[in-house]
Amino acid sequence: MHKRFLIWDNPKDAILVLTFLLMALGCINVFSASFVEAKDMFDNGYYYLYRYAIYGAIGLGVMGLIGWWIPYRYLLQYRQIWYGIFFIMLVCVDAFGVTNKGAQRWLYIGGQSIQPSEMVKLSIIILGAGSLGEYLKRGQPVSLFAKGMCVPFVQAAVFAGLVLVQPDMGTAAIIFALMIGLYIIAGLPRIQLLGLLGTAVVGVIGLIIVAPYRFARVKIWLDPWQDAGNTGYQVVQSLMSIGSGGLVGKPFGMGSGKFFYLPEAHTDFAFAIYCQEWGFIGAVLLIALFLVLAAAIHQIALNAKSEKGFLLVTGINFLVVGQAVANMAMVCGILPVIGVPLSFISYGGTALIVNLAAIGIVIAVYQDEVKQETSQQEVAAVFEKRKQELVGKRSLPRRWQR
Amino acid sequence: MSRHFGINAGKKRSGWIGCLILFTFVSVVVRLFWLQIISGEELAKRSMQQTAGDEKVFSPRGSILDRNGEELAVSIMSKSLYVDPKQMDDNPEMWPRGQQPQRDPRRLAADLLAPVLKIKADELYSDFSNGGRFLWIKRAMEPAEADAVRQIIKDNKFSGLHFLEESKRYYTKNTMAAHVLGFVGIDDNGLSGIEWALDSIIKGAETHRSEILDALGRKIGESSFNSAAPPQMPTVYLTIDSKMQYVLEKGLDDAIAKTHAKSAAVVLMDPHTGEILGMASRPTFDPNKFSEYPANALTNRAISIVYEPGSVFKPIVGCAGLTEHLVTPDTPFYDAGAFNVADRTIRNWDSGALGAITFTDIIKFSVNTGMADLGMKIGAQRLTDYTKKFGFGTATGIELPGEEDGILYDPEEMRLPDIATMGIGQGIAVTPLQMLRAICAIANGGELVKPYIVQKVVTPDGKVLVEGKKQVVRRVIGEDVAEQMRSMMEQVVSDGGGKTARIQGYKIAGKTGTAEKLSEQGGYAAGLYIASFVGFVPSDNPQYAMLIMLDSPQGVFYGSQVSAPVFRDTLQQILVAQGIQPSNATGLPSLDTLKRPENYKEIDKLPQVQIMPDGKAKIPNFAGLNFKQVAELIQQGRFVLIPYGSGTARKQSVPPGTILAPDSVVEVWFE
């Protein structure tokens with residue numbers, strides 16, 4: 001744990017620095033992507049930037065709380081309570097959530113809108129890590145069909161189902177994927193994995209066939225230009241925005257995508273605006289940041305002795321960095337459009353706080369591991385000292401035995 | 001513990017998944033490379049294409065003014081509304097989270113805009129629901145209307161409704177000189193009159209302007225490039241004097257009201273230069289809303305219809321006779337009241353017989369028998385030649401569209417009665433302008449001039465593109481003949497059949513005419529006449545020539561009774577407006593003398609005409625003012641002046657301080 005991480009003393013410092021960097025880029029990008037729309041709608045170009053800053057501050061507070069104060073094992077211990085709370089919240093969203101852009105994802109609480117499905121993603125990790133970590137410790141194979149072991153999976157299925165109702169297929173898929181990912185790491189038998197994949201493929205194909213709009217989405221994914229005016233519009237706008245960025249991007253603020261051309265310019269498609277304004281070089285830089293962040297989190301995971309901690313941190317890596325790459329792939333057209341935001345760069349209050357909380361958990365695990373190791377080392381040192389004393393003591397009598 | 005199920009195994013597995021994520025990142029990088037480096041330019045171009053708005057910008061149509069610069073037809077840029085129906089779908093981007101209203105934007109827009117645009121809501125709704133990307137909703141809207149529509153669009157955040165600027169034409173004086181000006185269609189194209197004739201010169205210029213637009217069609221920042229303003233169009237100055245035109249139009253309206261004539265035309269011309277000072281036609285229309293009028297109201301009867309001139313044509317025949325030395329002013333003639341030729345009998349207008357008279361009397365009293373006799377003597381060929389020489393049978397070439405050539409007999413096909421009737425002005429068809437121009441040849445000493453109505457066309461930076469000037473077509477008669485005929489025509493007014501045109505103190509020359517009207521079915525329409533009068537003043541050095549024609553006056557129909565009084569009244573107003581004093585016994589001073597400043601008596605303080613809010617005005621005290629000053633004051637109050645005598649004003653019929661409505665008559669005695 002005390003291993004150095006690149007130029008930093010330890011991974012935790014790296015993660016903090018990277019997080020701040022990402023947030024800084026996020027600030028700039030949110031402002032640039034949103035000021036036109038904000039000016040038009042709210043008469044205030046800084047509207048979204050302002051809110052990003054506020055949510056960011058809250059998130060940093062939560063991160064600090066979790067990272068340095070609340071021991072993370074409490075989170076794990078009470079994970080079923082989380083499950084209960086989020087279950088109720090999702091039901092509330094489905095019952096009387098606020099609709100926006102065709103999906104009912106938000107709840108209005110005290111005048112602010114929150115998006116429970118984002119929080120659910122983190123809770124899945126916590127649930128999975130808490131439950132599966134146990135089995136990993138015991139070295140048991142993790143099967144989907146065993147009585148206790150299937151609980152997290154079922155919980156994930158329930159969440160996914162509630163989210164699917166909104167309708168938000170993308171987030172439902174993410175929830176499933178995260179849980180399955182944890183299962184795989186925990187040691188899901190290959191047969192079951194294959195079986196799952198097969199079911200998933202069949203299920204996806206079935207869903208596509210059943211709902212024509214999903215089929216259209218697939219077609220559009222393969223060639224968005226064929227209906228650039230309508231269903232392919234968002235992807236085409238995204239590709240044009242990205243492409244026009246060239247090597248070094250267009251002058252700040254002049255990316256044309258945000259002038260009402262690219263829908264979701266400051267949220268799901270913020271990466272497109274980023275690419276337009278910072279070019280290929282900027283994009284590669286951002287990807288590098290994410291890669292380094294992933295590496296740092298991975299190092300913490302690898303060095304974790306606690307199974308639950310390991311699962312937790314790895315799961316969070318998937319959540320933060322995995323989602324990031326999924327978003328990027330979608331924005332540049334490699335994947336079909338799924339509603340996944342880009343961590344830290346997209347504007348989204350709940351997601352930002354959740355991501356920062358997740359970072360907080362990683363830090364908490366790290367701190368805990370360091371403490372464990374330190375205390376182990378202390379114990380070992382004391383033991384070693386004692387041993388030396390004893391060895392020394394043995395050597396002492398030799399002198400008078402002669 | 002099986003190796004497969006421990007934390008270390010788990011860590012290994014997480015490593016594999018990490019590789020998967022790394023692989024995805026790499027593929028993203030590759031894809032970005034493809035998009036940004038390889039296809040970057042092409043995508044940027046496509047992005048540019050959708051953002052660059054190519055706009056057509058128009059400049060307003062060139063103005064048409066009268067000779068003094070008074071505005072007759074002007075253009076301003078006005079807004080036209082069009083819809084892009086596909087774009088009308090509510091864009092969820094436009095609404096703050098969770099606040100998108102449940103609505104049908106097309107229905108709502110149709111309902112809200114219907115009262116403002118004065119178009120039925122259902123019609124608007126079907127326009128909005130149309131396929132396609134462009135449909136005009138309403139063009140050339142009034143500024144207030146456009147602002148109201150703009151506000152509605154903004155308040156309700158409607159997309160898909162846009163404005164373009166188009167040139168809109170305003171005719172500032174409504175119906176005045178409507179036929180001369182013409183009117184303009186919705187695409188800024190002239191459809192008749194000067195608007196048509198000079199369309200290529202004054203039509204608004206079109207330039208292209210490119211700028212970067214956002215997806216709602218609005219300009220991004222200061223991104224207009226190629227934003228050079230389109231060039232301003234040249235201005236047209238007509239020879240028309242709007243003050244005189246006003247008098248002419250009013251005179252026509254009065255005449256029609258009094259006589260219930262079906263239609264009428266009047267032309268006022270400068271006999272020396274050929275400038276048209278005024279031209280009016282009834283029925284008339286308002287070019288601001290020309291589409292509301294039937295086709296016959298749009299016809300310029302001064303040039304586009306033909307009629308048989310009747311006795312007004314006699315001076316022409318007379319000139320022919322004088323030039324051919326067949327008659328002189330004193331040649332005697334015996335008027336028996338009827339003239340027989342072949343199977344026809346020609347009688348005088350009053351069926352009377354004057355007995356032994358001179359040729360001058362024939363002209364004075366419009367004796368048909370004498371003219372028919374003269375006509376026979378001149379003969380078909382010569383008569384037709386002279387007629388053509390005077391410009392009949394061919395359009396005059398004035399800068400207005402729709403001019404008729406007129407109809408003449410082929411001399412070889414003329415039967416004897418035809419020659420006789422031609423002598424009295426029936427059997428040929430002429431336009432009022434042709435008739436007036438021929439009389440002008442007599443008035444100006446024998447030259448046939450080309451009438452013109454465009455004084456000049458000037459570009460905004462002062463360059464003169466077109467300039468009208470006097471053009472002599474040919475010499476028709478000698479000066480002596482002209483003088484003789486002028487003198488005879490003066491006697492028509494002072495002493496003969498045209499006494500009703502007399503204005504005290506002015507030397508007016510003229511000729512009355514009452515012609516039988518042609519019937520649609522052929523032959524003459526029983527009981528329908530064309531009453532006309534042509535004249536010029538002053539008779540010895542004419543400055544103004546005018547012809548007025550009334551079609552089918554009801555009741556009293558003789559030219560001397562219906563047309564001549566109109567001539568008199570309108571001419572009087574014009575002379576008053578121009579400040580031409582009636583002559584005293586010693587003869588009329590020349591116009592140049594009149595216009596010289598030393599002939600004006602300056603008064604320290606000129607009394608003003610007070611205009612009341614309701615349009616009426618207070619009569620000032622005219623005592624001591626000279627003619628021109630009185631005339632000016634009268635004009636301010638829009639009264640009608642009847643002057644007596646010349647010199648300084650001494651007495652007035654209406655006491656000072658009386659409040660009168662416009663067009664009230666005021667008599668002033670000068671000494």
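# Exercises on a predicted two-chain model

The structure holds 23 salt bridges over all chains. The model is predicted. Each exercise below has a worked solution.

## Exercise 1: A salt bridge within a helix

Find where A:Glu389 and A:Arg386 lie, and state how their side chains meet.

**Solution.** 
- Step 1. Start with the general idea. Side chains of opposite charge can pair when their charged atoms come close.
- Step 2. Check the contact. A:Glu389 and A:Arg386 form a salt bridge, at 3.1 Å from N to O.
- Step 3. Locate the pair. Both residues lie in helix 13 of chain A, three residues apart, about one turn of the helix.
- Step 4. Recall helix geometry. An α-helix has 3.6 residues a turn, so residues three or four places apart point the same way.
- Step 5. A:Glu389 has 35%, so A:Glu389 is partly exposed. A:Arg386 has 43%, so A:Arg386 is partly exposed too.

## Exercise 2: The largest cavity

How many nonpolar, polar and charged residues line the largest cavity?

**Solution.** 
- Step 1. Recall how space is found. Rolling a probe the size of a water molecule over the atoms shows where empty space is left.
- Step 2. Survey the structure. There are two cavities of 30 Å³ or more. The largest holds about 60 Å³ of space.
- Step 3. Inspect the lining. Among its residues are A:Pro341, A:Phe344, A:Tyr347, A:Leu352 and A:Asn355.
- Step 4. Sort by class. The lining has six nonpolar, four polar and no charged residues.
- Step 5. Follow one lining residue. A:Leu352 sits in helix 13 (residues 349–401) of chain A. A:Leu352 is buried because its relative accessible area is 2%. The C-alpha atoms of A:Leu352 and A:Ala57 are 9.8 Å apart, although 295 residues separate the two along the chain.

## Exercise 3: A patch and a covered helix

Which helix supplies the largest share of the nonpolar patch on chain A? How many residues of helix 12 of chain B are buried?

**Solution.** 
- Step 1. Find the patch. It covers about 930 Å², and its residues include A:Leu65, A:Trp68, A:Ile70 and A:Trp82.
- Step 2. Trace the helices. Helix 2 (47–68) and helix 4 (79–96) of chain A each supply at least two residues. Helix 4 gives the largest share, three residues.
- Step 3. Note a loop residue. A:Ile70 is in the loop between helix 2 and helix 3 (72–77). A:Ile70 has 36% relative accessibility, so A:Ile70 is partly exposed.
- Step 4. Switch to chain B. In helix 12 (residues 368–378), nine of 11 residues are buried. B:Met371 and B:Leu374 are among them.
- Step 5. Look past the helix end. B:Gly379 follows helix 12 of chain B, with a positive phi near 90°.

Technical notes
Residues are numbered from 1 along each chain as its sequence is written. Chains are lettered from A and ligands numbered from 1 in the order in which they are written. This is a predicted model: local features need pLDDT of at least 70, side-chain atom pairs count only at pLDDT 80 or more; totals for chains, interfaces and linings use all residues. Side-chain values use heavy atoms; hydrogens and water are left out. On a 1 Å grid over the protein atoms alone, a cavity is a set of points where a 1.4 Å probe fits but cannot get out, and a pocket is an open set with protein on both sides within 12 Å along at least five of seven lines; lining residues have an atom within 4 Å of a point. Grid points are joined across faces, edges and corners, and a volume is the space filled by probe spheres set on the points. Ala, Val, Leu, Ile, Met, Phe, Trp, Tyr, Cys and Pro count as nonpolar, Asp, Glu, Lys and Arg as charged, and the others, Gly among them, as polar. Patches are made of residues with over 30% relative accessible area and no salt bridge: like charges are joined within 9 Å, nonpolar side chains (Val, Leu, Ile, Met, Phe, Trp, Tyr) within 5 Å. Accessible areas come from the Shrake-Rupley method with a 1.4 Å probe; for residues, only the protein chains shown count as cover. A salt bridge is a side-chain nitrogen of Lys or Arg within 4 Å of a carboxyl oxygen of Asp or Glu. Helices (H or I, at least four residues) and strands (E, at least two) are DSSP runs, numbered from the N terminus. Buried means under 20% relative accessible area, exposed over 50%, partly exposed in between (1.4 Å probe, protein chains only).
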